[in-house]
Protein chains: 2
Amino acid sequence: MHFKKDIAALCKENGLRLTGPRKVIMQVLSASSDHPDAVELHRRVSEIDPGIAIATVYRTVNLLQEKGVLEKHTFGDGRARFESADHEHHDHLINVETGDVIEFRSDEIERLQEEIARQHGFTIVSHKLQIYVKPIDKKRPPGKGKETA
Amino acid sequence: MHFKKDIAALCKENGLRLTGPRKVIMQVLSASSDHPDAVELHRRVSEIDPGIAIATVYRTVNLLQEKGVLEKHTFGDGRARFESADHEHHDHLINVETGDVIEFRSDEIERLQEEIARQHGFTIVSHKLQIYVKPIDKKRPPGKGKETA
DNA sequence: GTATATGCAAACCATTTGCTTAGCG
DNA sequence: CGCTAAGCAAATGGTTTGCATATAC
């Protein structure tokens, strides 16, 4: 995750008050290198300040998403997951055996998408590409084969 | 949608009993050319047999997905949407202004995905590409910029 | 006849919201 | 001080499940 700008600046330029809960939540987001969901985020936040309500976590991440600071993803399981938006766009490989998420970027795919949208008379607002994968290594035990939804 | 095989055959080869509700649900699925969610599916099913419970719709559609007969998608709104799996793979353009879903296929993108997965030491289990778009037409008012989840 | 399906209602889970109080600017 | 935020709990929306009955095979 790791925000390029500092938290106070992010709040100020988005017209958000720099409150205690926000500081903690944004600090946790900034320190997270994975793509936590709201509940996991709340768990991490609670280790720092147990008094912060999960409703505040939801309100904060939604606010940050509206302001364009965060991106919201849904990788098949019901929950929404978040990551910083202040990086170059990338897509995700999801290891179905472990749930791990790997980021990648393909300019060629990006370009093809633009082309496809244009051919249909549209411009792209956003897009998501998720590739659900498993290790090539055949010797690995089957593991819990999560559904690919 | 439109199943290639007939409904009785689909049930039989998947070890499912050919019940009244299943006949109706699968018939509705087969007749749908869009990507209905469970509630919409239930609405259509109810026009034919008002006695069928939405729980049965959910159970049926999940069963068919497990058996590989249906694909389940989530296009950002909370609901799951379904379509037949017995066609060549394709991806989706989602018009954010209308919610319309347009199918497309790009062999080149498919190929690039294979390549990316392989480079990371994986094979593809499945993948989803959703391009959220709006009409090129500039004269349209800004509209409600729905979130891109 | 017996295991599988269904209907119904209650349960679930993630997320949102109304209301009141707290605290940033 | 005034208005935004937070906490809490109740509400929501989509989806699943337990249980008793019905039905396909």
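In this predicted model, Asn95(B) is found in strand E3 of chain B, which spans residues 91–95. With a relative accessible area of 7%, Asn95(B) falls under the 20% limit and therefore counts as buried. Leaving aside neighbours within four places in sequence, the contacts of Asn95(B) within chain B are Asp100(B), Val133(B) and Pro135(B). Asn95(B) is also in contact with Phe122(A), a residue of the partner chain. Asn95(B) and Ala8(B), which are 87 residues apart in sequence, have C-alpha atoms 36 Å apart in space.

Salt bridges are found elsewhere in the model, with 18 in the whole structure over all chains. Side chains of opposite charge can pair when their charged atoms come close. In chain B, Glu40(B) takes part in two of the pairings described here: one with Arg43(B), at 2.9 Å from N to O, and one with Arg44(B), at 2.7 Å. Arg43(B) and Glu40(B) both lie in helix H3 of chain B (residues 38–48), three residues apart, or about one turn of the helix. Arg44(B) and Glu40(B) are four residues apart in helix H3 of chain B, so about one helical turn separates this pair. Glu40(B) is partly exposed at 22% relative accessibility, and Arg43(B) is also partly exposed, at 42%.

In chain A, a network of salt bridges links Asp34(A), Glu40(A), Arg43(A), Arg44(A) and Glu47(A). A further salt bridge joins Arg105(A) to Asp107(A), with the closest N and O atoms 2.7 Å apart. Arg105(A) is partly exposed, with a relative accessible area of 33%, whereas Asp107(A) is exposed at 53%.

Turning to the cysteines, the count of disulfides over all chains is zero. Cys11(A) is buried, with a relative accessible area of 1%, and Cys11(B) likewise counts as buried at 1%.

The pLDDT of chain A averages 86, and 90% of the residues score at least 70. In chain A, confidence is highest in helix H4 (residues 54–66), at a mean of 96, and lowest in strand E2 (residues 81–84), at 89. Over residues 140–149 of chain A, however, the pLDDT is below 50. Beyond near neighbours in sequence, this stretch has 17 contacts in the model. Where pLDDT is low, the predicted coordinates should not be read in detail.

How values were computed:
Residues numbered from 1 in each chain as written. Chains lettered and ligands numbered in written order. Predicted model: local features only at pLDDT ≥ 70, side-chain atom pairs only at ≥ 80, totals over all residues. Heavy atoms only, no water. Disulfide = S-S within 2.5 Å. Buried < 20%, exposed > 50% of the residue type's maximum accessible area, 1.4 Å probe, protein only. pLDDT = per-residue confidence, 0-100. Helix = DSSP H or I, 4+ residues; strand = E, 2+ residues; numbered from the N terminus. Contact = heavy atoms within 4.5 Å. Salt bridge = Lys/Arg side-chain N within 4 Å of Asp/Glu carboxyl O.
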